[in-house]
Amino acid sequence: MTATWLRRLYFTVVALFLAAPLIVVAGVSINSRQELTFPPVGFSLAWYAQIFTDPEWRLALIHSVTLAVCSAAIAVAIALPLAWFLWRRIAPWANIFQVLGLAPFILPPVITALGFLSFWATVGLFGQFFTAIISHAIFFVTLPLVTLSLGFASIDRSLVEAAATMGADDRKVLKTVVLPLILPYLVSGYAFAFVLSLNEYIVAYMTIGFTTETLPIKIFNALRYGYTPTMAAVSVFFVAVAALVFGAIARFGDIRRLLGAMSSDGS
Amino acid sequence: MRRDTPKSVADYTPLFFPGLMLIIFFVIPFSTMIVVSFFRRNPSGFYTPDFVIDNYARFLSAFFGGVLGFSLMLAVLVAVCCVAIAFPFTYLLTKRPRHVQTLWLVGLLSVLSLSEVIIGFAWSTLFSRTAGITNLFVAIGLMDKPVALLPTFGAVLTGMVYQALPYTILVLYPALVRLDPTLLEAARTLGASPVRAFFNVVAPALRNTIVATLIMVFVFALGSYLLPQILGRPQHWTLSVLITDQAIYQSNMPFAAAMAVFLVLISLALVGMTLLVGRKENAL
């Protein structure tokens with residue numbers, strides 16, 4: 001069984017490559033000394049505590065979470081009616097909005113970021129916190145748009161037909177049949193946008209970076225003045241949040257299907 | 001309820017909010033950027049409205065041409081490395097039991113969502129003299145003393161492959177998971193070994209998918225802006241770094257915008273090519 005053995009080796013190497021930086025960062029984050037050493041010397045959770053107790057790190061955390069919560073909500077609010085309309089109606093020209101929703105994410109991020117910078121500067125709102133919320137919402141609208149489109153595509157139309165035959169109007173069908181069916185896709189779309197917004201740097205930097213610090217901006221600014229174990233702790237915190245959110249999606253939904261596997265059973 | 005054409009204005013209501021948001025906050029900013037690229041730089045303020053093509057002319061000068069060439073070369077290298085690692089990996093992954101796939105997908109998504117800042121920080125730690133892998137080599141007796149592995153081209157490349165690899169796997173996953181299993185069975189029945197079946201049947205059947213993935217990873221890598229700064233020297237800076245630098249530190253928005261427009265054109269041409277390749281695949 002050399003083939004099995006080779007496959008295991010291959011998977012292990014890829015897993016190690018993906019995990020290596022995180023292992024080092026996790027090691028550094030529990031270091032008891034105020035410097036970067038690996039393997040860690042002693043054990044301390046002080047750097048984790050500092051994320052919440054140090055006023056600057058705590059403020060950055062609050063900014064990041066606020067930004068992610070609000071922008072992901074707006075992204076879903078944009079994506080839901082759009083995806084619903086595209087599923088419900090035949091209006092080929094409306095697909096242009098779908099393209100517009102996908103474009104900000106497909107183009108290199110620096111372009112979308114620069115577009116926002118020139119726009120907010122031109123209208124004189126540059127640096128306001130809400131501009132970052134709107135910018136992130138547009139930047140990440142792709143994610144709920146994709147998951148919701150998948151969700152709508154998975155709805156059995158005869159089910160909806162049956163409800164309509166029984167006398168339910170559009171609004172009632174939407175409320176009693178469609179929304180419950182796409183709820184998992186809506187939640188995961190929100191979660192994707194939330195996690196990516198939490199980690200996003202360039203758009204946030206080009207809209208509010210000079211006035212307000214989010215966690216990624218704070219880490220990058222701190223990088224220039226030398227490394228601190230708190231940065232490592234924040235990094236581990238980020239990975240943990242992402243793993244938790246995606247783990248929950250996998251636990252309560254079907255992540256394979258969300259990522260494009262056709263059926264939910266086997267392959 | 002079948003799909004039908006909208007009959008009244010009221011039927012269009014769901015489009016109002018998404019349409020307005022996307023037009024005001026994507027189409028207009030994007031157009032603003034294009035317009036600004038023709039403006040003149042104002043050293044005291046931001047920029048003054050004008051119509052000049054100096055910004056484009058300057059970009060095509062030798063220095064920036066060199067940066068463009070380097071960016072393209074780096075992105076190609078990243079795309080090739082990623083697809084070479086990810087294609088066989090994703091193929092093998094789709095053959096694993098469901099719970100193994102799910103576990104890997106959660107892990108990949110977690111790494112994918114990492115900020116470039118954190119990836120940069122993590123790899124700069126791993127490549128550093130004080131807390132890096134060379135300490136491990138010293139510990140097992142491979143090296144005499146720890147050394148710093150950055151800033152180097154290799155460090156930039158490693159960081160960017162790390163950033164793009166989960167993306168590559170997730171882009172390849174749908175195509176490979178939907179691959180018709182009878183194709184492979186036929187090859188096996190005819191006596192091909194699994195490795196031979198992979199190279200002679202699976203890889204050629206997905207040739208267009210591979211090309212499309214290469215292009216998508218290429219565009220993704222073209223967008224990297226922090227890793228070259230954190231892990232490399234100034235000569236390893238890419239177009240994205242330069243755009244950020246001009247926009248923020250040199251306060252030269254028109255020039256940054258001109259470079260961004262150029263980057264858009266390259267990306268759009270490549271995304272268009274991906275769609276074309278994808279369409280051919282569907283037609284087969």
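Me: In which helix is Thr244(B) found, and is the residue buried or exposed?
Reply: Thr244(B) is found in helix 12 of chain B; helices here are DSSP runs (H or I, at least four residues), numbered from the N terminus. Its relative accessibility is 7%. Buried means under 20% relative accessible area, exposed over 50%, and partly exposed in between, with a 1.4 Å probe and protein chains only. Thr244(B) therefore counts as buried.

Me: What does the side chain of Thr244(B) reach at 2.7 Å?
Reply: This is a predicted model, where local features need pLDDT of at least 70, side-chain atom pairs need pLDDT 80 or more, and totals for chains, interfaces and linings use all residues. Side-chain values use heavy atoms, without hydrogens or water, residues are numbered from 1 along each chain as written, and chains are lettered from A in the order written. At 2.7 Å, the side chain of Thr244(B) reaches the backbone oxygen of Ser240(B).

Me: Which residues does Thr244(B) touch, not counting those up to four places away in sequence?
Reply: Contact means heavy atoms within 4.5 Å. From chain B, Thr244(B) touches Tyr225(B) and Tyr249(B). From chain A, the residues are Val110(A), Ile202(A) and Met206(A).

Me: What area is buried between chain B and chain A?
Reply: The contact takes 91 residues from chain B and 96 residues from chain A. Buried area is the accessible area (1.4 Å probe) that two parts lose on being put together, summed over both. Carbon and sulfur atoms give 77% of it. The value is about 8,300 Å².

Me: How many salt bridges does the rule find across the interface of chain B and chain A?
Reply: A salt bridge is a side-chain nitrogen of Lys or Arg within 4 Å of a carboxyl oxygen of Asp or Glu. Arg98(B) forms one with Asp254(A), with the closest N and O atoms 3.8 Å apart. Over all chains, the structure holds six. Across the interface, the rule finds four.

Me: Why does the salt bridge of Arg88(A) with Asp4(B) join two chains?
Reply: The closest N and O atoms of Arg88(A) and Asp4(B) are 3.0 Å apart. Arg88(A) is buried at 8% relative accessibility, whereas Asp4(B) is partly exposed at 22%. The pair joins two chains because Arg88(A) lies in helix 3 of chain A and Asp4(B) in the segment before helix 1 of chain B.

Me: Which residues are linked in a network of salt bridges?
Reply: Asp11(B) forms a salt bridge with Arg89(A), with the closest N and O atoms 3.2 Å apart. That pair crosses from the segment before helix 1 of chain B to the loop between helix 3 and helix 4 of chain A. Asp11(B) and Arg89(A) are both buried. The network links Arg88(A), Arg89(A), Asp4(B), Lys7(B) and Asp11(B).

Me: How many residues apart are Lys218(A) and Glu56(A)?
Reply: Lys218(A) forms a salt bridge with Glu56(A), the closest N and O atoms being 2.9 Å apart. Lys218(A) counts as buried at 10% relative accessibility, while Glu56(A) is partly exposed at 49%. The pair links helix 11 and helix 3 of chain A, distant parts of the chain, 162 residues apart.

Me: How much of chain A do buried residues make up?
Reply: Chain A has 13 helices and zero strands. Its C-alpha trace spans about 70 × 65 × 30 Å along its principal axes. Of the 267 residues in chain A, the buried ones make up 52%.

Note on methods:
Polar contact = N/O pair within 3.5 Å; in protein donor to acceptor, adjacent residues only side chain to side chain.
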